[in-house]
Amino acid sequence: MYIYNVTINVDESVHDKWLVWMRNSHIPEMLSTGKFSQAKLCRVLLEEETGGSTYAIQYSTPNRETLQSYYELDASRLRKATLKKFKDKFVVFRTELEVVDLQEPAPVSATDYLFGYGTLQDPAVQLHVFSRKFRGSVARLPGYRMSTEKIAGLYPAIEQSQDPKDSITGEVFLISAPEIALADAYEGVGYKRTRVLLNSGIEAWVYVQNPNLFQP
């Protein structure tokens, strides 16, 4: 995950107008580009020698390529709109931050288990979908195999096997009910969430191939 950080010192003469505009117009426009998943507007708690108020706006984006796309397709237009509206009443500088690690405790309401065997094991995907990284442990799901059919011809899925020797290795995570809803949205209609029993004896949710997709 990358953070596009924009730090702005705003003259007091336009401060209130600028703040309303940022909340109601500019930040929503930034998010509407589809390049950012979240925006945090923060006031910097210090007194500027030159006066004015300083804010930092942090836009989350999944990778450097997406941020580069913003630069190429959207940045010029949005920056010109700011200049046109507030002219010389602000000073701005921009920085890029790469998130190299993010650790958070599991939510108190995390009472379910999720077995991940594909992209849900990727910390970058976890950050993008759940805004946190899971602390998983290696697990094995017996009685399942990789399907020969791929979702949309691209994405692998698992299916129940008739051979008891078949199994899938992955990770098991502790997850909350709201996070399960996020996982459902991420996996989409190509997958079906079902309960399974892992080799450790843990009951967990897992996303398997949705059989309705391949019915004639």
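This is a predicted model: local features need pLDDT of at least 70, side-chain atom pairs count only at pLDDT 80 or more; totals for chains, interfaces and linings use all residues.
**The four-stranded sheet**

Let's begin with a sheet. Four strands form an open sheet in the order β2-β3-β1-β4, with antiparallel pairing. At its edges sit β2 (38-43) and β4, each of which pairs on one side only. On average, neighbouring strands here are turned by 15° against each other, direction ignored.

| Strands | Sense | Bridges | Residues facing each other |
|---|---|---|---|
| β2 and β3 (residues 53-61) | antiparallel | six bridges | Arg 43 and Tyr 55 |
| β10 and β11 | antiparallel | seven bridges | Arg 195 and Trp 205 |

Helices also meet the sheet. Helix α1 (residues 15-32) lies across β1 (2-10), β2 and β3, and runs at about 10° to β3. Helix α2 packs on the sheet too, where it touches β1, β3 and β4; its direction makes about 170° with that of β4.

Now turn to helix α4, which spans residues 177-187. Which of its residues are buried? They are Glu 179, Ile 180, Ala 183 and Glu 187. Seen down the axis of α4, the buried residues fall within an arc of 105°, so they line one face of the helix.

What does the buried side of α4 pack against? Its buried residues pack against β5 (110-116), α3 (123-130), β9 (167-176), β10 (191-197) and β11 (203-209). The face turned away from the buried side carries the exposed residues Ala 177, Pro 178 and Ala 185. Just after α4 comes Gly 188, which takes a positive phi of about 80°.

**The nonpolar cores**

The largest nonpolar core has 28 residues. Among those with the most contacts inside this core are Phe 115, Tyr 117, Leu 141 and Ile 158. At least two residues of the core come from each of β5, α3, β6 (137-142), β9, α4, β10 and β11. Which element gives the most to this core? The answer is β11, with five residues.

Leaving out residues up to four places away in sequence, Ile 158 touches Tyr 117, Leu 141 and Val 206, among others. There is also a second, separate core of 21 residues, which includes Val 6, Val 10, Val 14 and Phe 36.

**A residue in a loop**

Finally, where is Lys 89 placed? Lys 89 sits in the loop between α2 (64-86) and β4 (90-98). Apart from its neighbours within four places in sequence, Lys 89 is in contact with Asn 9, Val 10, Asp 11, Ser 13 and Val 14. One of these, Val 10, also belongs to the second core. By contrast, Asp 74 lies 15 residues from Lys 89 along the chain, and their C-alpha atoms are separated by 22 Å.

Technical notes:
Residues are numbered from 1 along each chain as its sequence is written. Side-chain values use heavy atoms; hydrogens and water are left out. Buried means under 20% relative accessible area, exposed over 50%, partly exposed in between (1.4 Å probe, protein chains only). The arc is that of the directions from the helix axis to the C-beta atoms. Contact means heavy atoms within 4.5 Å. A nonpolar core is a set of buried Ala, Val, Leu, Ile, Met, Phe, Trp, Tyr and Cys residues joined through side-chain atoms within 4.5 Å. Two strands pair if DSSP finds at least two bridges between them. Axes are lines fitted to C-alpha atoms, for helices over the stretch in contact, and angles run from 0 to 180 degrees between N-to-C directions.
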